[in-house]
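Here is a friendly tour of one model, taken a region at a time. Keep the viewer open as you read.

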Amino acid sequence: MKSSTNPRTINYIVVHCTAGRTTQTLADLRREFRQKGWQAPGYHYVVTRDGHVERLLGEDKVANGVKGHNHDAIHIAYIGGINDRTLQPEDNRTPYQKRALADQLRLLHLIYPRAVIQGHRDFAGVKKACPCFDAKREYSYLNR
Ligand SMILES: [Zn+2]
């Protein structure tokens, strides 16, 4: 649905992990996007390990979060999502990140009440574990 502040129609608010080590910085992440040759960052918002929500892109702009699902989505990611040693998918959100994610999603839900909140992996055909937890279930109290 449209909001007064965003000319785009937002049908999805998509939760991601950055699939980076827990030591990954925002600068590392921006470098990664540049190295992929992306014009836009992968996410609109990134939640740092200490629970700071950094805006990488305005909500009116299209990010590179999920192929085929960017034009009508807002993407938010937490830094982490892989085990630092094994590099295997892992829900390693800090308590600060859990709280900041929930707060940011509640705000986004106020602006886009009809948008579905779900994880990257909840789109049909996606083979990734991202965001390494069941976002649809965890935030089901916001989806209706
Ligand atoms: Zn993702």
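Where is the place of His52? In this predicted model, His52 sits in the loop between S2 and strand S3 (53-55).

**Around His52**

| Pair | Kind of distance | Value |
|---|---|---|
| His52 and Gln97 | C-alpha to C-alpha | 7.8 Å |

In sequence, His52 and Gln97 are 45 residues apart.

**Helix H1**

Next, turn to helix H1, residues 26-35, where Leu26, Leu29 and Phe33 are the buried residues. They lie on the same side of H1, because the arc they cover around the axis is only 60 degrees. An α-helix has 3.6 residues a turn, so residues three or four places apart point the same way. The buried residues of H1 pack against S2 and S3, while Arg34 and Gln35 are exposed on the other side of H1. After H1 comes Gly37, with a positive phi near 80 degrees.

**The nonpolar cores**

The largest nonpolar core has 23 residues, and Ile13, Val15, Leu105 and Tyr139 touch the most other members. At least two residues of this core come from each of strand S1 (12-17), strand S2 (45-47), strand S4 (73-78) and helix H2 (95-111). H2 gives the most, with five residues. What does Ile13 touch, not counting residues up to four places away in sequence? Its partners include Ile74, Leu105, Leu108, Tyr112 and Val116, and also His109 and Gln118. There is a second, separate core of eight residues, among them Leu26, Val46, Leu56 and Ile79. In soluble globular proteins, nonpolar side chains tend to be buried together.

**The zinc site**

Which residues coordinate the zinc ion? They are His16 through ND1, His120 through ND1 and Cys130 through SG, at 2.1 to 2.3 Å. The spacing of these donor residues in sequence is H-x103-H-x9-C. His120 and Cys130 both lie in the loop between strand S5 (116-119) and helix H3 (135-138), so the pair ties together parts that are ten residues apart in sequence. Both His120 and Cys130 are buried.

Terms used. Residues numbered from 1 in each chain as written. Predicted model: local features only at pLDDT ≥ 70, side-chain atom pairs only at ≥ 80, totals over all residues. Heavy atoms only, no water. Core = buried A, V, L, I, M, F, W, Y, C linked by side-chain atoms within 4.5 Å. Buried < 20%, exposed > 50% of the residue type's maximum accessible area, 1.4 Å probe, protein only. Helix = DSSP H or I, 4+ residues; strand = E, 2+ residues; numbered from the N terminus. Contact = heavy atoms within 4.5 Å. Donors = N, O, S within 2.8 Å, 3.2 Å for Na, K, Ca; no water. Arc of directions from axis to C-beta.
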